[in-house]
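Here is a short note for someone opening this entry for the first time. Please keep the structure in view while reading.

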Amino acid sequence: MAKAPKGKKTKTKSPAEDQDFVLHSLQEALEKKRRFDASEEQLLHFYEQMLLIRRFEERAGQLYGLGLIGGFCHLYIGQEAVAVGLQSALTEGLDSVITGYRDHGHMLAYGIDPKVIMAELTGREAGISKGKGGSMHMFSTEHKFYGGHGIVGAQVSLGGGLALAHQYNDDGGLCLAYFGDGAANQGQVYETMNMAALWKLPIVFVVENNQYAMGTAVGRSSAETEFYRRGTAFRIPGMDVNGMDVLEVRQAAEIAFAHVREGKGPVLMECNTYRYRGHSMSDPAKYRTREEVQDVREHKDPIEGLKKLLLEQGKSEDDLKAIDKDIRKIVSEAADFAENSPEPEPGELYTDVLVEEY
Amino acid sequence: MAIELKMPALSPTMEEGTLAKWLKQEGDEIVAGDIIAEIETDKATMEFEAVDEGTLGKILVEEGTEGVKVGTVIAMLAGEGEDASAIEAPAASNEIEDVPGEGKDVGREPSEAEITKPKARTDVRDPEVPEGTSFTATSVREALRDGMAEEMRRDDRVFVMGEEVAEYQGAYKVTQGLLDEFGPKRVIDTPITEYGFAGIGTGAAMGGLRPIVEFMTFNFAMQAIDHIINSAAKTNYMSGGQMRCPVVFRGPNGAASRVAAQHSQNFGPWYASVPGLIVIAPYDSADAKGLMKAAIRSEDPVVFLENELVYGRSFDVPDMDDYVLPIGKARIMREGSDVTIVAYSIAVGLALEAADELAGEGINAEVIDLRTLRPLDKEAVLASLAKTNRLVIAEEGWPTCSIASEIIAICMEDGFDHLDAPVTRVCDEDVPLPYAANLEKLALIDTPRIVDAVKKVCYRD
């Protein structure tokens, strides 16, 4: 179950007295102002993007059920606010993003054409990886999206390398490296945090805590379940964010990115969220109750939350329905495209193994 | 338009299942996310979730039905404005069409396009060393450093990272002087954290830099092998050629001296088995320099295997401005006509010694240095075999699943008609390397063993 955001910590010392102040300063900034002041246009954009991810993933689940998508397929349903909130704050064409295998949402949040993503899921020539990568291995160097990695935690040190490249080139960019609460227990994550802090790399580590590492609840796998605290050993400031609220995620992104861009080194952000579906398509999710899932859906859903806000701000049900209709159309077109594109030529079997000829 | 609800596949291998229970009944309103039914597979009971909205029309498969094939229409869903009770079951039979996941080339016309494996280039060879070129005796250690330094001068994106590479000047002094010339931005000391810094180096390559990642020895690279193989080697393929990873992983490999089992192992065969990697293992100084430069310039990830025992040996290096060697090309170290000895890295030295000794006994051995283990220069091996009809492989490493095994397979598959004797391998003994001096000596390949093997294939023993 998604954790409620932590209460305000009692501060006993002034920042000047407290040498560890920096470790808490970002969280304090967030607690002063939790939600981003989005314009109407931005709110609608967030809504559309989250809805696109939701509908896309539902359709992906359906295509999986029809045998059109094979292997592993990890859906992002429930976690939409995290990718949308964070990536909307990035500088396009400058900052880089890397994530694990639950990557469809991050690509969609980039505005990458849903058609080529869906066609990759169905293993077609028109897929973004020419059908060779599949659900877990998608990349768009054009958008500085570096995957899409299937080995739990590997993307974190690779992200450290992307951050090193930003620093090396002095281009002012940062790397956003996502990983789950499961990956948060991998050793290389901490190896990377150590070096990132040591070298003040421009990287934001984002733990998408969806409460379950495959079938293991965080409390059964993690001695410290408050993941945002785990950077403390490396003097990396942590932020505890409600990942079910796109405006809070966006606000946290503003604070974290500013810190990193000032050359102050990495930030560790925990976004508390929830995955509605199983870990992958073949997970019956028997490790939690239906009521638990239903409770999050009814009370914390990121899309419903934003919808409520939009209605309060004067949008009509019809306006939102029209958006939903448009999104369904986009997703249907993507699915049709993915279903009707040809599979790769057999001749592609041996291409792209190496770049050069020897 | 009514929507057909089909029996879903809930795992990659599911072909049929039991429709255990309907949780919605005919006439029920359904919104996306509702659980419509429970389906049992051989592994678990799964929930069947609605994607579309509407009213549940006809239920076509009753609950409790076993053996429902994936893709069977199990119910109809009426969309907005449709009368659910009026929906008929689809006229079509329940026959299941082929699904694309079965690899049947769906949607594409049958094509004659052949699957062609990449052919080795035949238009590349070592650069001509012009007549009158002077040579400088250079240690392998210095040659490697010179190769790196030249490339760092040439390309700002090239940098070195690893344990003790900067202030300490390299655990084996291979990076000596680089910090002074290039500064700490480009010569980076890392903590002892191989998995992490191999990942950072690999990520930096993805981000457009040209990292040289030094492992103090390749024994420690086992902690990082995931990044070498899963992150570096596979990226270009998995991304359909979109994302390159031009990183060089380098360091000493193979047995050193008296450091026992955990610090003495040849990983050449491990890396050489991985598509997507280039694996280089030079022997002398000129090759070390020329191939190091080529490795750094390559757009592909390179594993560059050096040898601690060879670092201090001195060989002539041509005094040329830009001495870059081709990757994937073996080198004939000594021409001969009676037998071929194929070797790489430190074993080349042993093979040359053996050849000298054999010459005294009237056996004229050709010695081939593979230099690159992947892609392996099959043509060079087979051409020499065609000439000598006898072949021995000398490898400082375990015999099982070795480069030697691979060379034997190549000779059997493509050189069988040229063989006058069984291809024979001379490797280390098949044991973890012992510490005791006498046992270590017993375990490692040496010149007498190569001499014996050559005599055997020449039927001279």
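Predicted model: local features only at pLDDT ≥ 70, side-chain atom pairs only at ≥ 80, totals over all residues.

The points below go from the whole of one chain down to single residues.

1. Local features are taken up here where pLDDT is at least 70.

2. **Overall form of chain B.** Chain B has 11 helices and 22 strands. Its radius of gyration is 31 Å, whereas the globule rule gives 23 Å for 461 residues. Chain B is therefore more spread out than a compact globule. Along the principal axes, its C-alpha atoms fill a box of roughly 95 × 55 × 50 Å.

3. **Burial and contacts in chain B.** Of the 461 residues of chain B, 50% count as buried. Take the contacts in chain B between residues at least 6 apart in sequence. Of these, 74% join residues at least 24 apart.

4. **The contact of the two chains.** Chain A puts 59 residues into the contact, and chain B puts in 68 residues. On the chain A side, helices H2 (40-65), H6 (154-169) and H7 (187-198) each supply at least two residues. H6(A) gives the largest share of that side, 10 residues. By class, the side of chain A that touches chain B holds 23 nonpolar, 25 polar and 11 charged residues.

5. **The largest nonpolar core.** This core has 241 residues. The residues with the most contacts inside it are Met269(A), Ile341(B), Ala351(B) and Val454(B). Which helix gives the most to this core? H2(A) does, with 10 residues. In soluble globular proteins, nonpolar side chains tend to be buried together.

6. Ala351(B) is then in contact with Ile341(B), Ala343(B), Val367(B), Ala394(B) and Ile450(B).

7. **Helix H6 of chain B.** H6(B) covers residues 285-297, 13 residues in all. From its first C-alpha to its last it reaches 18 Å, close to the 18 Å expected at 1.5 Å a residue. Is H6(B) mostly covered or mostly open? It is mostly covered, with 12 of its 13 residues buried. The buried residues include Asp287(B), Lys289(B) and Lys293(B), along with Leu291(B), Met292(B) and Ile296(B).

8. **Thr388(B).** This residue lies in helix H8 (residues 378-388) of chain B. Why does Thr388(B) count as buried? It has 21 other C-beta atoms within 10 Å, and the cut-off for buried is 20 or more. Not counting residues up to four places away in sequence, Thr388(B) touches Gly336(B), Ser337(B), Asp338(B), Val339(B), Thr340(B) and Glu366(B). Thr388(B) and Gly17(B) are 371 residues apart in sequence, and their C-alpha atoms are 63 Å apart in space.

9. **Tyr168(B).** This residue sits in the loop between strand E10 (158-162) and helix H2 (178-182) of chain B. Tyr168(B) is partly exposed, because it has 13 other C-beta atoms within 10 Å. Leu60(B) is 108 residues away along the chain. The C-alpha atoms of Tyr168(B) and Leu60(B) are separated by 76 Å.

Methods. Residues numbered from 1 in each chain as written. Chains lettered and ligands numbered in written order. Helix = DSSP H or I, 4+ residues; strand = E, 2+ residues; numbered from the N terminus. Expected span 1.5 Å × (residues − 1). Contact = placed C-beta atoms within 7 Å. Nonpolar A, V, L, I, M, F, W, Y, C, P; charged D, E, K, R; others polar. Rg over C-alpha atoms; globule rule 2.2 N^0.38 Å. Core = buried A, V, L, I, M, F, W, Y, C linked by C-beta atoms within 7 Å.
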